[in-house]
Amino acid sequence: MKKVLIDCDPGIDDALALALAAGSTGSLDLVGVTTVGGNVDLPLTTANALALREFLQMGDVPVTPGSAGALMRRTVRATAVHGLTGLGDVVLPAPVRGPSEGHAVDFIVETLRSAPGEITLVAVGPLTNIALAVRREPRVVEWARDLVIMGGSYTRGNHNPAAEFNMLADPEAAAIVFEAGWTVKMLGLDVTLSAVVTSAVLERMRPLGRLADLLVPAAQFYGVVSAEGGPAIHDACAVAYLLDPGLFTCVPAVVNVETAGQYTRGMTVTDFRIGDREANALVATSLDVKGFWDLVVGTYERLAVRLG
Ligand code: BDR
Ligand code: CA
């Protein structure tokens, strides 16, 4: 069983990533969820994580709120994509239980300290909490079994031509994380844009009972679903990577995050020509799309049986 701590900003695709983790109880041991301001403001990302914890029956996994905003930059949000609440037009039952006491950065540091070498960090929002954890206690880099992020790209941006949203939302945090001394598993737009909910995929989600009440409207809000295309559920790729890394082709690279550019801030400048330098990232370059959906839908099917 892989122990996993997910840092997220739900967020439609974050919700679908949490659903994938919730359905993977035989393979993943979710030790905590931390939230960060990103797609929407922190109170909303936290409220969504709490509602998802109960809706997805994730038990007593602690949900701990973290950083509200970027280290240095003005706030960037993605409400145009995720809706004003962050979950499109999905309204989940109000959660009964609240967040854990304390701050996500402390939770990350203390959780990793308590089990060195065991816990994989998965970050699918702006990297503010992870950067602060590294600054606060540099040994988290040694203690983490792995760091897997959804973010960046070596070819393009989505928020603008240069930058992917999670990197653009807090470029200085991203730079700290890439420079910290670990090998970041970077699942960027280069692969996540192929994880799209086509109408064929949506048809596989429709029979999933209560879970379908989340998945189907969320996907439809997130983008136009058609036979050829649909919305990319970026963040689910990071959880899928934990479940089956073989779905991804990954190549070592040196990645630097642009923090000074006038038009390129947040760009992940990726150099595959490493030479005698040490790679700081393993960058995903392709995804087995059929295998991905078989894994994701199969897991959702098992979760749906549990949820009724
Ligand atoms: C990333 O940005 C957010 O809007 C999504 O939740 C995902 O983490 C994709 O660029
Ligand atoms: Ca996200």
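**Aromatic pairs, a buried asparagine and a helix contact**

Tyr 154 is partly exposed, at a relative accessible area of 30% (partly exposed lies between buried, under 20%, and exposed, over 50%, with a 1.4 Å probe and protein chains only). The model is a predicted one, in which local features need pLDDT of at least 70 and side-chain atom pairs count only at pLDDT 80 or more, while totals for chains, interfaces and linings use all residues. Residues are numbered from 1 along each chain as its sequence is written, and side-chain values use heavy atoms, leaving out hydrogens and water.

Three aromatic pairs occur in the structure (ring centres within 6.5 Å; planes under 30 degrees apart are stacked, over 60 edge-to-face, the rest tilted). Tyr 154 and Phe 272 form an edge-to-face pair, because their ring centres are 5.1 Å apart and their planes meet at 85°. This pair joins distant parts of the chain, 118 residues apart. Phe 272 is partly exposed as well, at 31%. Tyr 241 and Phe 248 are also edge-to-face, with centres 5.6 Å apart and planes at 65°; here Tyr 241 is buried at 10% and Phe 248 is buried at 7%.

Turning to Asn 166, this residue is buried, with a relative accessible area of 3%. A polar atom of the Asn 166 side chain lies 2.9 Å from the backbone oxygen of Met 150. Gly 151, 15 residues from Asn 166 in sequence, is 5.6 Å away in space, C-alpha to C-alpha.

Notes:
Chains lettered and ligands numbered in written order. Polar contact = N/O pair within 3.5 Å; in protein donor to acceptor, adjacent residues only side chain to side chain. Phe/Tyr/Trp six-rings, centres within 6.5 Å; stacked < 30°, edge-to-face > 60°. Helix = DSSP H or I, 4+ residues; strand = E, 2+ residues; numbered from the N terminus.
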